[in-house]
Amino acid sequence: MSSGRRSRQASSSSRINDDQITELISKLRQSIPEIRQNRRSNTVSASKVLQETCNYIRNLNKEADDLSDRLSQLLETIDPNSPQAAVIRSLINE
């Protein structure tokens, strides 16, 4: 079997069908608070669901960065050998 044929078969077997896309969009609708809270969430377009998902992920990343910064600042104010410092270091490194 040629490598071109093998790669085409691999890509076609990994393709996602319309039903799977619909199911994934539905799961995203249920997972994103801004959409889930909308009474007409089933009428929100797939592109809007994807946009809101990206926004939600960006916001989560920003919140995680902000929390990490706050923990780092807190760590600077306490005894580095204390049990609290060990807990904060473990949270920052996760």
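The following dialogue goes through several computed features of one predicted protein model.

Q: How many helices and strands does the protein chain have?
A: Helices (H or I, at least four residues) and strands (E, at least two) are taken as DSSP runs and numbered from the N terminus. Here the protein chain has 5 helices and 0 strands, and along the sequence the pattern reads α-α-α-α-α.

Q: What span should helix 4 have, and what distance separates its end C-alpha atoms?
A: The expected span of a helix is 1.5 Å times one less than its number of residues. Helix 4 covers residues 46-76, and because its 31 residues at 1.5 Å a residue should span 45 Å, the distance of 45 Å between its end C-alpha atoms agrees.

Q: What share of the 94 residues in the protein chain is buried?
A: A residue is called buried under 20% relative accessible area, exposed over 50%, and partly exposed in between, with a 1.4 Å probe and protein chains only. By that criterion, buried residues make up 14% of the 94 residues. The accessible surface, from the Shrake-Rupley method with a 1.4 Å probe and, for residues, with only the protein chains shown counting as cover, comes to about 7800 Å² for the chain, 49% of it belonging to carbon and sulfur atoms.

Q: Which residues make up the largest nonpolar core?
A: A nonpolar core is a set of buried Ala, Val, Leu, Ile, Met, Phe, Trp, Tyr and Cys residues joined through side-chain atoms within 4.5 Å. The largest one consists of 5 residues, namely Ile-25, Ile-32, Ile-35, Val-44 and Val-49. If contact is taken as heavy atoms within 4.5 Å, Val-44 touches Arg-29, Ile-35, Asn-38 and Val-49, leaving aside residues up to four places away in sequence.

Q: Which residues of helix 4 are buried, and which helices do the buried residues of helix 4 pack against?
A: Val-49, Glu-52 and Thr-53 are buried in helix 4, and the buried residues of this helix pack against helix 2 and helix 3 (33-36).

Q: How many salt bridges does a search of the whole structure find?
A: A salt bridge is a side-chain nitrogen of Lys or Arg within 4 Å of a carboxyl oxygen of Asp or Glu, and the search finds 3 of them. Glu-23 pairs with Lys-27, their closest N and O atoms being 3.3 Å apart; the two are 4 residues apart in helix 2, and are therefore separated by about one helical turn. Lys-48 pairs with Glu-52, again with closest N and O atoms 3.3 Å apart, while Asp-66 pairs with Lys-62 at 3.1 Å between the closest N and O atoms.

Q: Is Glu-52 buried or exposed, and is Lys-62 buried or exposed?
A: Glu-52 counts as buried because its relative accessibility is 17%, whereas its partner Lys-48 is partly exposed at 37%. Lys-62 is exposed, with a relative accessible area of 52%, and Asp-66 counts as partly exposed at 35%.

Conventions:
Residues numbered from 1 in each chain as written. Predicted model: local features only at pLDDT ≥ 70, side-chain atom pairs only at ≥ 80, totals over all residues. Heavy atoms only, no water.
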